[in-house]
Amino acid sequence: MAFEGLADRLQQTLQKVRGKGKVTEADVKVMMREVRLALLEADVNFKVVKRFVAKVKERAIGQEVLESLTPGQQVVKVVNEELTALMGGEQSKIAVANKPPTVVMMVGLQGAGKTTSTGKLANHLRKKNNRQPLLVAADVYRPAAINQLQTLGKQLSMPVFDLGTDVSPVEIAKQGIAKAKEEHHDYVIIDTAGRLHIDEGLMGELAQIKEIAKPDEILLVVDAMTGQDAVNVAESFHEQLGLTGVVLTKLDGDTRGGAALSIKSVTDTPIKFVGMGEKLDALEPFHPERMASRILGMGDVLSLIEKAQTNVDEKKAKELEEKMRTMSFTFDDFLEQLTQVRSMGPLDELLGMLPGAGQMKQLKNVKVDEKQLNHVEAIIQSMTKGEKLHPETINASRKKRIAKGSGRSVQEVNRLLKQFEDMKKMMKQMSNMQKGKKKGGMGNMKFPFM
Amino acid sequence: MSFFKRLKNKLTTQSDTVTEKFKDGLTKTRASFSTRINDLVKNYRKVDEEFFEELEEILIEADVGVSTVMDLIDELKDEARTQNIKETEELQGVISEKLAELLDKGDDDTKLNIQEDELTVILFVGVNGVGKTTSIGKLAHKLKQEGKSVLMAAGDTFRAGAIDQLQVWGNRVGVDVIKHSEGADPAAVVFDAVKSAKTRGVDVLLCDTAGRLQNKVNLMNELEKIKRVIGRELPGAPHEVLLVVDATTGQNAMNQAKTFSQATDVSGIVLTKLDGTAKGGIVLAIRHELEIPVKLVGLGEKVEDLYEFDADQFVYGLFSNILPNVEEEESVDRY
């Protein structure tokens, strides 16, 4: 997961401060050195780091921290707030033109992922905003770049406009937009060729395209693994074109992604989307505040909640809650729940989003075995309807049958039955606990694992 | 100083055009790197904490990497103390020498391991968008110029248009491409390519692979399999596994080098896009922390802009104006 290394580093440092009742100036100094190193190792631009550290230091050594009741928490808060501010404050959305089509121009260095992002963005606009984009292939330089966009268009069943490689990109953009108007597309996404920000000729060409296309959105596509140079690239594209946003790609790698921190702070251009995988639906809105909490080990609780919301049917969730309360939770419900949780993504990824999970040693290298879950599913699916509703009726011969049906051993069937019983017990205690809470006491709760 | 003298002598025996190309390609790097070190020395007359802090920043901004920089600064501080250096000007020579030492380990071979009178297989690996396909196209051209017969394998069956891209390069430089359709098993493509290369009796087979992030375990396994298949078809192959690294990459390049090495025993690095403003300082870090030599460098967009890496050339390109004396001597010698 992105930012992982940085999160670890900051957590270790903050831990020291967390434990103490009072923060001395020396503590802050030690901590800030660590913060500085961690950020630099994460490829955050050194100028940005300098400003950040100075700002946090000033606030931390000031009264706000030293005189507050829980100084450690206060420092965490300050670092978190400043980090969020640095990454761009609130999340910003993609522009919509008053008069369609909305024109989006994708620009960037070679190999940043412009063409792939063009495809992903088109898919996103159609899926989330119900738009009908037209893709315009204006990369006439890189061999087969047009083919690449056409292939993506085919995969998405979306139209791609191109005029081959012998026409100037400016003309392609012009005709592409005309075509979009004619065919009533509400978005036009222009994929331009990758170029160095110091290449005057090619940068001039982009300015010409801008002149003709009058884009509502000029998105700079930046590789999340970019080092210190990210700032120069962004600054230079911004100066020459006036960027409106940034797409940060390849964030599903293990890069710490410090570039994300730098770009906004130096260019005042928000990061609008992040590329999180190779598939065409792997484009997500950028959430600066969540990224900051993740860095600080507060977990990406918000992300988790949102993921749960889009994947779990609310009505079903209510039913489930009712069942948990009345103890009528069955294997059918369990299976359903399992399927829902798994549809949110790989379990280890979900675990990583939980607060503090990054710190827990036993969770650190946990790889949830998806195979095990398949086995569990197979066992449950080998039960009869009656057995799923009344697992207590499962006797030795039924167990044998279930084991055979699922291709697992009787021991595994036993283990699952035992776990299911324990789970039911725990649910009962939890719902009791909630009742108790209403009465104002939680005194006599017992967990099976305590 | 002696280091630069040695360097200069060595370089005068080599072709001037290559030296010039390195100098040109590294103009941006040098401008912001060495010039800043020069300015630093002028601005700070005394060697003190502030001076070292500033130096630290210049190195970090070049993507040299925090731990490498820290080691270097510590060494310099020691040097300054033991030699009792007070003036920054005196320290300048030491700085250049230490930096050059990082790059010039001397013993490792930066030449490509090309077999005599036998098929050589080169496998290209790397993350997405670093320029694998382009580097293959350029290398194919270079090898052809050297009179070798070349075959290419379109092993990137995943990315849309990747096969076409290699085919365009094939047409451009006049080299055949062994390909299957998109979505095919890359190991099967490579298998066919090795067989075909053997029957055709070509000198060098260049194998493209799909870009992959190094933390994707299944994709790294796929790469291992590709390598295994090559080795089974032709014992001893691949003779080179080249990791292509984008010069603008920051510290993640180190992770890339480590993880790709674990999967495929990377034998060398191709550093691309060094003609931008990126300093490529990560090369110093990779040489400092890992044992993988840089073998090829991409210094421009043209077909012929791929060069064999030469640590001396690189150091010279990087530092030629740190020491004005060397630059002057050089001018006298060459013009």
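Modeller: Strand S5 of chain A gives the most to the lining of the largest cavity, with four residues. This is a predicted model, in which local features need pLDDT of at least 70 and side-chain atom pairs pLDDT 80 or more, while totals for chains, interfaces and linings use all residues. Residues are numbered from 1 along each chain as its sequence is written, chains are lettered from A in the order in which they are written, and side-chain values use heavy atoms, without hydrogens and water.

Biologist: How is a cavity defined, and how many cavities of 30 Å³ or more are there?

Modeller: On a 1 Å grid over the protein atoms alone, a cavity is a set of points where a 1.4 Å probe fits but cannot get out, and lining residues have an atom within 4 Å of a point. Points are joined across faces, edges and corners, and the volume is the space filled by probe spheres set on them. Here the count comes to four cavities of 30 Å³ or more, and the largest holds about 120 Å³ of space.

Biologist: Which residues lie nearest the centre of the largest cavity?

Modeller: Its lining has 16 residues, and those nearest the centre are Leu109(A), Ala112(A), Asp223(A), Thr226(A) and Thr248(B). Strand S5 (217-223) and helix H10 (230-241) of chain A are the elements that give two or more residues to this lining. Such elements are DSSP runs numbered from the N terminus: helices (H or I, at least four residues) and strands (E, at least two).

Biologist: How are the lining residues divided by class?

Modeller: Ala, Val, Leu, Ile, Met, Phe, Trp, Tyr, Cys and Pro count as nonpolar, Asp, Glu, Lys and Arg as charged, and the others, Gly among them, as polar. The lining of the largest cavity has eight nonpolar, five polar and three charged residues.

Biologist: At what angle do H6(A) and H7(A) pack?

Modeller: Axes are lines fitted to C-alpha atoms over the stretch in contact, and angles run from 0 to 180 degrees between N-to-C directions. Helices H6 (residues 114-129) and H7 (residues 145-156) of chain A pack at about 25°, with axes 9 Å apart. H6(A) is therefore roughly parallel to H7(A) (angles under 35 degrees).

Biologist: What of H7(B) and H8(B) in chain B?

Modeller: The axes of H7 (residues 132-145) and H8 (residues 162-173) of chain B come within 10 Å and cross at roughly 20°. These two helices are therefore roughly parallel to each other.

Note on methods: Parallel < 35°, antiparallel > 145°, perpendicular 65-115°, else oblique. 1 Å grid on protein atoms, 1.4 Å probe; cavity = no way out; pocket = protein on both sides within 12 Å on 5 of 7 lines; lining within 4 Å.
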